[in-house]
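Welcome, and please open the model in your viewer. We will walk through it one selection at a time.

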Amino acid sequence: MRISVIGCGYLGAVHAATLASMGHTVVGIDVDAGKVDQLAQGAAPFHEPGLDELLRNGRSTGRLTFSTDAAGAQEAQVHFLCVGTPQDKTSDAADLTFLVSAIETLLPHLAAGAVVVGKSTVPVGTVEMLRGVLARRPDVMLGWNPEFLRQGTAVKDSLVPDRLVYGVDGGRGAAFHPRSGAPVGVTAALDAVYEPLLRAGIPRLVCNFATAELIKSAANAYLATKVSFINAVAGLCDASGADVAELAEAMGMDPRIGGRYLHAGLGFGGGCLPKDIRSFRTQAAHAGATALDDWMQLVDSVNQGQRERTVALAAELSGGSVAGRSITVLGASFKPDTDDIRDSPALDVADRLAAAGAHVTVTDPKAINHAWRRYPRLRFEASTERALEGAELVLLLTEWDEYRRLCPAAAGARVRRRVVLDARNALDTAAWQANGWSVRGLGTGSAAAHPPVQAPAPLLS
Ligand SMILES: NC(=O)c1ccc[n+]([C@@H]2O[C@H](COP(=O)([O-])OP(=O)(O)OC[C@H]3O[C@@H](n4cnc5c(N)ncnc54)[C@H](O)[C@@H]3O)[C@@H](O)[C@H]2O)c1
């Protein structure tokens, strides 16, 4: 099939390359000429394991091209919208201007009977709004196919997704021929696009537009809830001498709960989860779903609180204030295996420490090039060894594998004080302690004072 992908960022570039690897002829369109140039040369403009190889293959087979000109999409039968839907600058709502402008630019180039499918994460009601933009083209079909890939494993997630969701006009009842049961319209087009995945047994769910729009937001809200839940429990663990890592491990062994996303620490960030739960909250507020509105606010504030807690702990470990202290931060990206620094908890904490007067050196295996211009108060150092030189406090803020595997003896030889705040609860505490390090985690009860147990009030006076 001939396919276009509009917006070639973390989502779109991977989607375009994956579709080309499935045998489709794909053109990726983006307004960012630098990004398009790099992609056209077969090189990923960001760090995503496996993407370079897919791009090179796509280029060598001639099936994958990139352009800044929307006219390049005119031969495509299916167009995927993958542009950003960031948080609005003045509210918690999603900003849909990139989406509207992408459709408007595409409009004159749509062939008769073309199918336009959104993949961006959007608030409920977006498809209805976009239908208005497409009103002049009743022959064009619209669908929504939310994306669940995770940065760091995006290629694998796209080649072997957990599920495919199709939002179509009229929902499941309208997606199949009433007599033959064969898929029709957008469902048929998407089945043709994803034929290799369907053949491999990947489940596909067909639903109406509102459900498709909400599935992605609800899934992200649930993951964020799990993270904030265990972080809230971590506060109690710290106060009581319990170890949240052991607690979460035991909780996660219950298959009804599961251990993933049940890991206490500095909390989530990035270009998706924070803005998605805020958009979800706004949608709930507009719809009068107050419980969900309150819930999302709490999840968000627990998450932000972990950053404040980390800054406060750094001050505590520095003798009350970080002013004038040399602090080394391990990790700048919002999570390991990506160079994405959008709403990075690590950089947020590092910047707050610098604002409080600390001399902060940040190191990261991939993200420094993105970070140094945006954070003028921070010093960046590519080499972990050099970054550790003379540190009075080390903070592990992004749990890259190389930091988990750091040799505590070698690291200890570089620093001035062997004190580490492991805000991702990722280090082998015993090994670091055995090498003379004082290790503090979040919720691991390491420095806990046991609160006295209150005697119960007498039942009868
Ligand atoms: N990043 C992820 O892991 C992920 C996962 C699932 C869903 N999503 C959703 O996918 C969407 C995109 O996210 P992203 O992380 O790829 O964002 P991104 O900022 O990395 O990419 C968006 C791209 O769209 C381009 N763009 C903007 N306006 C355009 C236009 N009019 N025409 C063509 N290109 C245009 C930008 O230049 C940019 O390259 C968001 O809605 C996000 O919530 C992202």
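How many helices and strands does the secondary structure of the protein come to? There are 18 helices and 14 strands; helices (H or I, at least four residues) and strands (E, at least two) are DSSP runs, numbered from the N terminus. Keep in mind that this is a predicted model, in which local features need pLDDT of at least 70, side-chain atom pairs count only at pLDDT 80 or more, and totals for chains, interfaces and linings use all residues. Residues are numbered from 1 along each chain as its sequence is written.

**The whole protein**

Start with every C-alpha atom shown. Taken along the principal axes, they fill a box of roughly 70 × 65 × 40 Å. Of the 461 residues, 46% count as buried; a residue is buried if 20 or more other C-beta atoms lie within 10 Å of its own, exposed if 12 or fewer, and partly exposed in between, with C-beta atoms placed from the backbone.

Now select strand S5, residues 115-118. Both of its faces are covered: Val115 and Val117 are buried on one side, and Val116 and Gly118 are buried on the other.

Two strands pair if DSSP finds at least two bridges between them. Look for His79, which stands opposite Val116 in S5. A crossover is right-handed if, with the strands pointing away from the viewer, the path from the first strand over the helix to the second runs clockwise.

Then show strand S6 (residues 141-144), which is parallel to S5 and joined to it by four bridges. Here Val115 stands opposite Met141. From S5 the chain crosses through helix H5 (residues 126-133) to S6, and this β-α-β crossover is right-handed too.

**Around the ligand**

Which residues come nearest to the ligand? Select Gly7, Gly9, Leu11, Ser120 and Thr121, which come nearest of the 28 residues around it; a residue is near a molecule if its C-beta atom, placed from the backbone, lies within 6 Å of it. H4 returns here, giving the largest share of the shell, four residues.

**The six-stranded sheet**

Move on to an open sheet of six strands, with the order S11-S10-S9-S12-S13-S14 and parallel pairing. Its edge strands are S11 (379-380) and S14 (438-441), each pairing on one side only. Zoom in on S10 (residues 359-363), which pairs with S11 in the parallel sense over two bridges. Thr361 stands opposite Arg379 there.

**Two stops in one loop**

Select Ser333, in the loop between strand S9 (326-330) and helix H13 (345-355). Is Ser333 buried or exposed? Ser333 is buried, because 29 other C-beta atoms lie within 10 Å. Among the residues it touches are Asp364, Lys366 and Thr398; two residues are in contact if their C-beta atoms, placed from the backbone, lie within 7 Å. Show Trp400 too: 67 residues apart along the chain, Ser333 and Trp400 have C-alpha atoms separated by 9.3 Å.

Asp337 lies in the loop between S9 and H13 as well. It has a positive phi of about 65 degrees although it is not a glycine. With 19 other C-beta atoms within 10 Å, Asp337 is partly exposed.

**Last stop**

Finish at Tyr261, in the loop between helix H10 (244-252) and helix H11 (273-287). Tyr261 has a positive phi of about 65 degrees, although it is not a glycine.

Note on methods: Lists of a residue's contacts leave out its neighbours within four places in sequence.
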